[in-house]
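Okay, thanks for making time, everyone.

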Amino acid sequence: MIIKATIFATSALWLTLVNGCNAAPADTAKAADAIRATEAQWNLDIAARDPAKFASYYTADGVFINPGADPLQGPAAIQAAMTEVFKDPNFSLHFAADRVEVAAGGDMAYTQGHFTETETSPGTGAKLIQGGSYVTVYTKQPDGSWKASADIASAGPPSGAPK
């Protein structure tokens, strides 16, 4: 009887491990589409100049690194900074992913793309237009949404699609 129980338990454990290892791969194409949709909505929220909504795209410990500025960590710090940025009447920002890569496990992803930002020069009051590139690392949230855990922008001409 003990041998039969041991064989049964071993077989059950083996089947559990095999089924766990053979779990269906994450639908990375669907995840990539969700991230593109997130970035499209993020652009709309930027145009609406809502600092709380802007900050809501970051995880609780998310980091936002912008050219020439100290890194901002967490939605509260990001919201405070964007409250000031949105006061500039010339401010606008548009970004678009040239590449979206989702990890095979489906819980992390990154986008790489380009942006164009317009702002007022503090020294001259002139309207400045700056392009650049960015990389955003996303983590999938328990509710299925995607939030930025690390977001870095680099000033320069827009990158365009990778070659």
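**Strand, core and pocket**

So, let's start with Thr139, which sits in strand β5. Keep in mind this is a predicted model. Is Thr139 buried or exposed? It counts as buried, because its relative accessibility is 18% and the cut-off for buried is under 20%. If we skip the neighbours within four places in sequence, Thr139 touches Thr59, Asp107, Met108, Ser145, Trp146, Lys147 and Ser149.

Now the core. How many residues make up the largest nonpolar core? There are 25, and Trp42, Ile46 and Phe54 have the most contacts inside it. At least two residues each come from α2 (28-47), α3 (51-55), β1 (58-65), α4 (75-85), β3 (92-102), β4 (108-120), β5 (127-140) and β6 (146-155). Helix α2 gives the largest share, five residues. Take Trp42: again leaving out neighbours within four places in sequence, its contacts are Phe54, Tyr57, Tyr58, Phe95, Tyr138, Ala148 and Asp151.

Last stop, the largest pocket, with a volume of about 490 Å³. Its lining runs to 26 residues, and the ones nearest the centre are Phe64, Asn66, Pro67, Glu117 and Ala153.

Conventions
Residues numbered from 1 in each chain as written. Predicted model: local features only at pLDDT ≥ 70, side-chain atom pairs only at ≥ 80, totals over all residues. Heavy atoms only, no water. Core = buried A, V, L, I, M, F, W, Y, C linked by side-chain atoms within 4.5 Å. Buried < 20%, exposed > 50% of the residue type's maximum accessible area, 1.4 Å probe, protein only. Helix = DSSP H or I, 4+ residues; strand = E, 2+ residues; numbered from the N terminus. Contact = heavy atoms within 4.5 Å. 1 Å grid on protein atoms, 1.4 Å probe; cavity = no way out; pocket = protein on both sides within 12 Å on 5 of 7 lines; lining within 4 Å. Points joined across faces, edges and corners; volume = space filled by probe spheres on them.
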